[in-house]
Amino acid sequence: MHHHRSQPPPPVPEDLLAGLEPLRRETFALRVARWWPDLAAGLADVYPSDVAATAGERLLRAAATAYAARDEALHRLDQERTLRPDWFQDPALVGYAAYTERFGGTLAGVRDRLDHLEDLGVGYLHLMPVLRPREGDSDGGYAVADYRDVRADLGTVEDLADLATSLHKRGISLVLDLVLNHVAREHAWAQAARAGDERYRRYFHVHPDRAVPDAYERTLPEVFPDFAPGNFSWDDGLDAWVWTTFNSFQWDVDWSNPDVLLEYTEIVLFLANLGVDVLRLDAIAFIWKRLGTNCQNQPEVHSLTQVLRAVTRIACPAVLLKAEAIVAPDDLVHYLGRGRHHGRVSDLAYHNTLMVQIWSMLAAQDVTLATHALRSLPPVPASTAWITYVRCHDDIGWAVSDADAAAVGLSGHEHRRFLSDWYSGTFPGSTARGLVFQENPATGDRRISGSAAALVGLTAARAGGPDGTVDEAAVDGAVARLLLAHTVVMGWGGIPVVWMGDELALDGDPAWAAVPEQAADNRWVHRPWFDDRELSAAADPSTVPGRVLSGFRHLARVRASLPHLHASVAAEVLEMSDPGVLAVLHRHPEGNLLSLCNVTEGWRSWPGFRLEGLGLTQAQDALTGGPVPRGGDGDVWLAPWQAVWLVAS
Ligand code: OTU
């Protein structure tokens, strides 16, 4: 007899499925058989065996309950996506991210903007936190008071489900945040803990004195040193210190308690049954604490993600998980699954390394560091996809490793300082207009806030000189840089996510500091309100918003036609020839795609002979549909900030 090493799955909770058709019951059983090993292995990594066994049974019961309650349309979507597991890797998919109120006013109002999204080819819409936050400062909604309720000013839970249905009719997936590292101090769990309920005290990291907090602090960084120094806060209700990585009103939950895992699993299933397609696992890097470490990226983070994924694959396989881990390159790749977690954790993760390198290339007008750093990134499972982006609602932290910098003869510290100087506009010659976020004198860290338009120099160029004269060449250069940055993310493979307003080159919100709860947090500068006047202006293709919007539309269309940009095809950064030109290759059985980007203000070339080895001697530029721009010397010649996407003709 052949013996399996793992335990057999616990019996399928038939009692919970009793009312279902036989075929539907069988589907559930087949999914349990398929995913139980992932689920059990994840639990075994994290909990003692008796705890893991009980947790496994409870999770399966939660999955069965949600499965039995899932509506017909969503069951169909589960089937469709199970039959086409690469649905989210399609090059036709473009993403968009926005704050609901700033984009559409309310959840219902978002529906009035769907034509605009469709025009951009958007098939993925990330609405920033919509679940009910605490009152007052809620860190933009990232301090959730109730995961089963919606922000009153945005609508109701029913509006959310209706929006999901409207989006699905247009082929758009709905992406929501799952803030699972912390809850608001006002959340019912925290309230119960403060009232002395032992069961709920164990949901948090509670310490009666400074002994344990001080031991952890020795190796912990600070995320918000300005407005939330330290990682623990004293709470009178608890009469103790509680772990608060972010603000003091955001209480980290204790994932070593299986009750916490079960709670979040039920929240995931609740959101899935409303029609949410993708859950953005906010601050996932922080959910496991280990003394003597920075308490980020611990292996248990990945095991717990594996459990969540296995449960969703059983109950609602249409749903994807997306890791929000803005961490160093070596840690980042683990979020898409390496080693024993290969292909078993998040389906999606933010390509923070690419984002940082785009800004680094544009400031330095040099691709040496980016080429090295991106070439050093280990490959990720072909079943996953990067979220590529130029910017998001957060600050930009210069995640450039000292080792990568040293490998190309730079000092990591000096380069990070240069980037902060450049993007805050203090470096000589810089036209960027970013703001310094959370300067940390201890580490020298200065993160940057600012709209993409402000960072590429468009805000300054449009404002003109002291006498109001606008230098059109400066505007053109800034527009070219904005489009080039987006050409890199659109030409990478994975899901390029456009941050609301960037498609119209919106400037920052001039009034961000007027809102009292926001005044201390300058990330609000780059969270502007959608501007209908700019959208109308974009109807004229000669205006800046018109040029940018048509540029985005064009990139999305060309991208959709290139099978090379399916997310399963790795983006391979080639050895550098000219330090001003980034070369990215996608190898495909149908022929290669070579993207060349000139990140400088001058003309640059790329050696023509290298095209031969790539099968691109007879090539055309997919972006123009015309021939490769070659000089008399046979080299490819690129205008300032020009990109070409070469494919065999
Ligand atoms: C996330 O960001 C959100 O995107 C922020 O808007 C929230 O403030 C925060 O979580 C708390 O919920 O540190 O500076 O490695 O970088 O999770 C932003 C990931 C953050 C962290 C990221 C966090």
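Two strands count as paired if DSSP finds at least two bridges between them. Strands (E, at least two residues) and helices (H or I, at least four) are DSSP runs, numbered from the N terminus. This is a predicted model, in which local features need pLDDT of at least 70 and side-chain atom pairs count only at pLDDT 80 or more, while totals for chains, interfaces and linings use all residues. Residues are numbered from 1 along each chain as its sequence is written.

**The three-stranded sheet.** Select S7, S9 and S8, which form an open sheet in that order with antiparallel pairing. Strand S7 (206-207) and strand S8 (232-235) are at the edges with a single partner strand each, so one side of each has no neighbour in the sheet. S7 pairs with strand S9 (residues 240-243) over 2 bridges. Pick histidine 207 to find its bridge partner in S9, tryptophan 241.

**The ligand.** Next, show the ligand and the 16 residues around it; Tyr142, Phe246, Ala283, Ile326 and Asp394 come nearest. A residue is near a molecule if its C-beta atom, placed from the backbone, lies within 6 Å of it. Coloured by type, the shell has 9 nonpolar, 2 polar and 5 charged residues. Here Ala, Val, Leu, Ile, Met, Phe, Trp, Tyr, Cys and Pro count as nonpolar, Asp, Glu, Lys and Arg as charged, and the others, Gly among them, as polar.

**Two helix pairs.** Select helix H15 (residues 352-364) and helix H16 (residues 368-376), which pack at about 165° with their axes 9 Å apart. H15 is therefore roughly antiparallel to H16, the term for angles over 145 degrees, whereas those under 35 count as roughly parallel. Axes are lines fitted to C-alpha atoms, for helices over the stretch in contact, and angles run from 0 to 180 degrees between N-to-C directions.

Move on to helix H21 (residues 472-490) and helix H23 (residues 544-560), whose axes come within 10 Å and cross at roughly 20°. H21 and H23 are therefore roughly parallel.

**The five-stranded sheet.** Which order do the strands of the open sheet of 5 strands have? The order is S18-S19-S20-S24-S22, with antiparallel pairing. Strand S18 (572-573) and strand S22 (619-621) are at its edges, each with a single partner strand, so one side of each lacks a neighbour in the sheet. Inspect strand S20 (residues 593-598) and strand S24 (residues 643-648), antiparallel strands joined by 5 bridges. Leucine 596 is opposite valine 644 in S24.

Notes: Angles under 35 degrees count as roughly parallel, over 145 as roughly antiparallel, 65 to 115 as roughly perpendicular and the rest as oblique.
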